[in-house]
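Q: I want to learn how to read a two-chain model feature by feature. Where do we begin?

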Protein chains: 2
Amino acid sequence: MPRESPTFSPLYRQIKSLIGRALESGEWRPGASIPSEVELAQRFRVSQGTVRKAIDEMAAENLLVRRQGKGTFVASHDDPRTHFRFLRLMPNSGAVEAPLSVPLECLRAKAGQEVARVLGIEPGAPVILIRRVLKFADRPTVIEEIYLRGEAFPGLNLAILKEAHRSLYSLFEVRFGVRMVRAEERLRAVAADRGSAELLGVAEGTALLSVERIAFSYGDKAMEWRRGLYVTREHFYHNELS
Amino acid sequence: MPRESPTFSPLYRQIKSLIGRALESGEWRPGASIPSEVELAQRFRVSQGTVRKAIDEMAAENLLVRRQGKGTFVASHDDPRTHFRFLRLMPNSGAVEAPLSVPLECLRAKAGQEVARVLGIEPGAPVILIRRVLKFADRPTVIEEIYLRGEAFPGLNLAILKEAHRSLYSLFEVRFGVRMVRAEERLRAVAADRGSAELLGVAEGTALLSVERIAFSYGDKAMEWRRGLYVTREHFYHNELS
DNA sequence: GAGTGGTCTAGACCACTGC
DNA sequence: CAGTGGTCTAGACCACTCG
């Protein structure tokens, strides 16, 4: 028997993509609550169980957060519980500690070949370049170069970065409505060049952990490309495999 | 109103832990199929939906694998689809390629302080130490020191390692019934010492990616501690954040 | 107490696999 | 065709939060 519907898609997946589109369109902002299951079931003309299954999957993907008795919320980097999902650097011993971000530069530029390819934009399109240092316990531990899609962050400048006492991704959400949903990282070990060594207070040639990241917003749209150099003497990069 | 049942646990969680215990006890071996949902529902005296929810969660945790029309199976490292979940080294360009494992040593020893602590065993308890090299495209790229709980791998020796043309974790499953369920890794950048540099064919002092791993079997029992040193000139360590 | 998500059930039907 | 997992529904009841 031939498959009659090669594009078969269950109802709950369609609901999922409808909710996904609502998220993309900004109908509900990060941290805000979405309508209750019964309301959504009425809106989409399906049973509550079908909405439930759609939401379950989106919660598993960290797009939504369920809180019994309160409602379902759009996931946000403001939530401290999800705060260390993207920063994997842990101290060798002692309690985890939020780093202090020290922005150095915030420049507007035109995308070169490589940045354009990674972000999926045209060469020459506007980008923003941020350079910063992260300090743990007052010690410079990470330096980062961050490229952003220029059109998505109008008005972003060094002053804003310096004022903001929250994580970068929190700032992006609150100020620009841009939520980073997932990211891919590539890790390598490299030797510190002169400039990096100076900023990090280590000897030239010291082994550093290079972390390249592409971060995606809703719809798998690449919004950010960054490269970090981590000093891993007092810290390590933590990863869970399962 | 005070909580009357602070230890409230839904039915499906109890089913989950029953299935989990059956897995631990080896009632169903890795790769084998478990009873159908209706059978399990009858056995546990619950509805099929409740069994379903339990299995759903265990599939999400990579303990079980569902295959529509065929049944539900105990997850296995033999399955090529899950083969690269624990080996995160990818080539800078070109297709992914399985490495060639070259075992160098396989020794029986007594656990020292550190290994005992990590594996949760008594100092002096038997352990196995394996040293090996992984080659990609005929180039040594990774060296590893692997400590195993001695009592769980009776008879393991260098000859067995050399004969086995499968991944280490596959071997553990097929030969010893030990399945690694999850692992924690700590990554750092370090400089190559003389011995490592020689084995890897790089200059002394070259920056290497140090990957420490603790691997756990069912019941979160630490079975393995390993440290790898990766050459990251032609490869990178890949990670997904979400 | 009203409203939310969470659990559990029972039943009907669909999609996929293999004999 | 029988057997498996996958979807969808409807309804009852439970646990949690807040006013």
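A: Begin with the term that charged pairs need. A salt bridge is a side-chain nitrogen of Lys or Arg within 4 Å of a carboxyl oxygen of Asp or Glu. Keep in mind that this is a predicted model.

Q: With that rule, how many salt bridges are counted between chain A and chain B?
A: The count between the two chains is 2. The side chains of Arg182(A) and Glu240(B) meet in a salt bridge, at 3.2 Å from N to O. Over all chains, the structure holds 46 salt bridges.

Q: How do I read the size of the interface between chain A and chain B?
A: The size of an interface is often given as the accessible area lost when the parts come together. Here the area buried between chain A and chain B is about 2600 Å². Carbon and sulfur atoms give 48% of that area. In chain A, Asn239(A), Leu241(A) and Ser242(A) lose the most area to chain B. Together they make up 26% of what that side buries.

Q: How many residues are in contact on each side of chain A and chain B?
A: 30 residues of chain A are in contact with 30 residues of chain B.

Q: Which strands of chain A each supply at least two residues to the side that touches chain B?
A: They are E8 (182-191), E9 (207-217) and E11 (235-241) of chain A. E8(A) gives the most, with 10 residues.

Q: Now a single chain. What should I look at in chain A?
A: Take the elements, then the extent, then the burial. Chain A has 7 helices and 11 strands. Its C-alpha trace spans about 65 × 45 × 45 Å along the principal axes. Of its 242 residues, 48% count as buried. Among contacts in chain A between residues at least 6 apart in sequence, 59% join residues at least 24 apart.

Q: How do I read a helix such as H3 (residues 48-60) of chain B?
A: H3(B) has 13 residues and reaches 18 Å from its first C-alpha to its last, close to the 18 Å expected at 1.5 Å a residue. Its buried residues are Thr50(B), Val51(B), Ala54(B), Ile55(B) and Met58(B). Seen down the axis of H3(B), they fall within an arc of 130 degrees, so they line one face of the helix. What covers them includes helices H1 (11-24) and H2 (37-44) of chain B. Strands E1 (33-34), E2 (64-67) and E3 (71-74) of chain B are also among the cover. Just after H3(B), Asn62(B) takes a positive phi of about 60 degrees.

Q: Why is helix H6 (residues 168-176) of chain B described as largely enclosed by the rest of the structure?
A: Compare buried residues with helix length. In H6(B), 7 of the 9 residues are buried, so the helix is largely enclosed by the rest of the structure. Leu168(B), Phe172(B) and Phe176(B) are among the buried residues. The cover includes helix H5 (158-163) and strands E6 (126-136), E7 (139-149), E9 (207-217) and E10 (221-230) of chain B. Gly177(B) follows H6(B), with a positive phi near 65 degrees.

Q: What do the side chains of Lys16(B) and Glu57(B) form?
A: They meet in a salt bridge, at 2.6 Å from N to O. Lys16(B) lies in helix H1 and Glu57(B) in helix H3 of chain B, so the pair ties together parts that are 41 residues apart in sequence. Lys16(B) is buried, with a relative accessible area of 13%.

Q: Which elements do Arg66(B) and Glu37(B) lie in?
A: First the pair itself. Arg66(B) and Glu37(B) meet in a salt bridge at 2.0 Å, N to O. Arg66(B) lies in strand E2 and Glu37(B) in helix H2 of chain B, so the pair ties together parts that are 29 residues apart in sequence. Arg66(B) is partly exposed, at 26% relative accessible area. Glu37(B) is buried, at 11%.

Q: Last, a single site. Is Thr141(A) buried or exposed?
A: Thr141(A) is buried, with a relative accessible area of 4%. Its place is in strand E7 (residues 139-149) of chain A. The side chain of Thr141(A) reaches the backbone oxygen of Arg139(A) at 2.9 Å. Beyond four places away in sequence, Thr141(A) touches residues including Leu89(A), Phe136(A), Leu200(A) and His235(A).

Definitions and conventions: Residues numbered from 1 in each chain as written. Chains lettered and ligands numbered in written order. Predicted model: local features only at pLDDT ≥ 70, side-chain atom pairs only at ≥ 80, totals over all residues. Heavy atoms only, no water. Helix = DSSP H or I, 4+ residues; strand = E, 2+ residues; numbered from the N terminus. Expected span 1.5 Å × (residues − 1). Buried < 20%, exposed > 50% of the residue type's maximum accessible area, 1.4 Å probe, protein only. Arc of directions from axis to C-beta. Contact = heavy atoms within 4.5 Å. Buried area = accessible area lost by both parts, 1.4 Å probe. Polar contact = N/O pair within 3.5 Å; in protein donor to acceptor, adjacent residues only side chain to side chain.
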